[in-house]
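I set out to record what I looked up in this structure.

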Amino acid sequence: MTHPLALIALLPLLGFLLNGTFATALGGKKFNNTAAALIACAMPIAAFALTIQAFFTLQANGYAPIVEPLYRWALVGEHTFDITFYFDRLSAVMTLIVTGVGSVIHIYSTGYMHDDKSFGRFMAYLNLFLFFMLLLVLGRSMLLLFVGWEGVGLASYLLIGFWFDDLANAVAGRKAFITNRIGDAGFLIGMFLLYGAFGTLDMDTINAAFAVGPVTVVSASLVGFFLFVGATGKSAQIPLYVWLPDAMAGPTPVSALIHAATMVTAGVYLVARMSGVYMQAPDTSQLMAVVGVLTAFMAATIALVQTDIKKVLAYSTVSQLGFMFVALGVGAYGVAIFHVVTHAFFKACLFLGAGSVIHALGGEQDIRKMGGLRKHIPITFWTFLVSTAAIAGIPGLAGFFSKDEILWFAFASEKGGAPWLWAMGALTAFMTAFYMTRLLWLTFFGASRMSHEVEHHVHESPLSMTGVLGVLAVLSAVGGYIGIPHFLEPQIPLPPVVEALEHYEHTLLYVSIAIAFAGVGLAVFMYSGPASRAAGVAKAAGPLRVVLEGKYYVDELYAAVIVRPLAWVSEHVFFKVGDKLLIDGTLNGLAGLAQRSAGWLGRAQTGSLQFYALLVMMGMVGALLWSWRHV
Amino acid sequence: MDQSQLLLAVAAGLFTIGLLGVVIRRNALVMLMCMELMLNGVNLSLVTFSQQRGDAAGAVMVFLTFVVATAEVALAIPIVLLLVKHARSLDVDRYSELKG
Amino acid sequence: MLFLREPMRVALALITSMTSLGAVYGLMGVHFIAAFQVVIYVGAVMVFMVYVIMLLEVKEAPGSRRFSKVVLPGVVVGVLLLAALGAGMLRGTGSTGTLPGEGRQAFSLVEFSSAFLTQYWLVFELTTVFLVGAIVAALAVVNVSRRRQG
């Protein structure tokens, strides 16, 4: 096979084209649901198989990166832009996650979206997303990464607004896309700076250039800052996280795949990939850590009071992404990727489990109307339990390992670790354990608060869904033992640890375990008792609760400060003055000018023969005089 | 000025007066007659030049001009007749249907 | 001719001019051209015009203007034209030859006719064509008018 890496990316594209043409109304729905499902699932699975093969090739070559040029895209003067694929340890990890988790979510979707009238379109969009995501992680040059970056943004927009008959969904999709675009502006500036300095956008070359020492042609901090701005958009950090909760308007498999496992981790991947730059940029790294921990904390506080099952998980995702950025900020890039992997497992499992619950309840998403489901949908319950334990940090499961490592490096890394970072992170971990257990409890335990018809129809999901849940639950349990930071270490070294603090490692480990159990315990205590216990606490924290429920009114702030003035300017300045007055006015003015001058010149056509003869005479005089100038 | 220059001046004068007449006068028939005057002016200048250079070409062209003038009058008169029948007047200002 | 009111008087003025021009040709020595001038121009063209003037019985409405609307600009430009032609003539190359009566032989008929029929035979053919064309066109005009009438 000549271009294995390219094939990994192109197979989902083929799936998109086939399904997009024949399984949708565009092509007259020639494929029925079964055929569409087969094509759509076969492509990611094939890509996964190819990825495994590429991984073994990589291993056999001693982990020397595989570089696979495909096509010379552009040649501008002396600047060349190639499409080249690149496979090293980091790409291997990311690609395996993307194709692996992607495949199982595709399989899940065939069950979940089974009755949807636009099934073919959904599967086509999922494949499209996978294609762009693979471009993102397999690209050698930032240009190809950016293409993938934008493409996943597009796929996200299409999928969030999938049920576009409801306007709110379309608006949510638009919000996601526009917020991402703001981040992309920063990303582009970073790319321009890098290109101007190095004349190439190949990430391995740029990293190598920064590795030899501080670079003078461009400030690493500046570049790092702009790339981080792009990452905040894609990976939902402050200030550009506002799209992620709204993105829950899309179908649940979308939330699982895009807004938990893969797309939102693209920002983390970008920073980890450009670790060479960030290692030379202590200021930006510090900023990243601070933003990350603030985001994590803020999102966790909001998640405490959410009542929609998917919204809780959405804020949880924002919070976990904050954790990843904390790790990136203190130089522990490999640990951040580790958390990406474990997060993919348990968050996908959680989201798909939520989807299973919603499917079982016929569309209900409010946890205040659930309860006691563990008897009705046992498989969903057990998988949800395992992944909740994983995210809470119960020792032994995947989340515990990655989160603990993050907290350790936040405390003790020489590159920016600080006790207050650790403290906020630990507090956030406590809250994570609490609200996830709250979610679990309110959904599956206790007395049933469901209405009668809903309760009557509760049924376990089909095998396509529960099988996937099982696989992901197993991965959530054992995934922590893979030891990714050490796998990545030859390529992305772990930061050195402050020597004086080294002996705290075990202490912090025990503290983490204690926090996890404390959070779980508190939630069980509060919600398993009579309802008044939880209600009492809620009333006591009255105004705080209002603020949290209003999500700190960030959306309202943006609307007032950014959106409304922008809309005003667009309406009054650009539309009225620019468009109507200047552009239309110019065109109409030109046309009017032509008309008036034609009318004026037309008066020469008097129809009088003698007038014409007079003109001939005048012409003759003029010609005579003129010809004699040169005689 | 010597003789040839005088003749050429006369020719130029004939031509100009003829052209002027075409522009100035309103009557269609008078316009036609002024055109004949123009042709005469041209003929005179041709003959003068021919005599100056001793070249027969000028005389031949004069002959051609005669024929052309004849043919032109033969055609112009019927056209004027038709125009008069159409507009019932010899005033050229009435023939302004090509206006605009 | 420019200022006479009646077309008949204009025609008579023109006849006078043409006859004098014929005399000029004769004085220059080109007698055959003089003959042509009188016979063709005065004898055919002007007679035709006089016939037409008579036939049309032009009844100028009393008080109708003699001059067209573009009189003044016309006169101005006419003067300009005359000046331009005069200036051109004065600047032009000096007379390269002399006129007969100043030491040259006049142009003779023999020279003319031999040149006409040998060297410039194309002109001869052209004249033929012109005349035929004139006849055909005249017939066509007559037909048109006949068709209009009936």
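The entries below cover the model, the two chains in turn and the contact between them.

**Entry: the model.** I noted that this is a predicted model, in which local features need pLDDT of at least 70 and side-chain atom pairs count only at pLDDT 80 or more, while totals for chains, interfaces and linings use all residues. Residues are numbered from 1 along each chain as its sequence is written, and chains are lettered from A and ligands numbered from 1 in the order in which they are written.

**Entry: chain A.** Along the principal axes, the C-alpha atoms of chain A fill a box of roughly 110 × 65 × 55 Å. Of the 631 residues in chain A, 50% are buried (20 or more other C-beta atoms within 10 Å of the residue's own, with C-beta atoms placed from the backbone). I then looked up contacts (C-beta atoms, placed from the backbone, within 7 Å). Among those in chain A with a separation of 6 or more, 81% join residues 24 or more positions apart.

**Entry: chain C.** I found five helices and zero strands in chain C, in the order α-α-α-α-α along the sequence. Chain C has 150 residues, 21% of them buried. For contacts in chain C with a separation of 6 or more, the share from residues 24 or more positions apart is 51%.

**Entry: where chains C and A touch.** Twelve residues from chain C and twelve residues from chain A take part in the contact.

Notes:
Helices (H or I, at least four residues) and strands (E, at least two) are DSSP runs, numbered from the N terminus. A residue is buried if 20 or more other C-beta atoms lie within 10 Å of its own, exposed if 12 or fewer, and partly exposed in between; C-beta atoms are placed from the backbone. Two residues are in contact if their C-beta atoms, placed from the backbone, lie within 7 Å.
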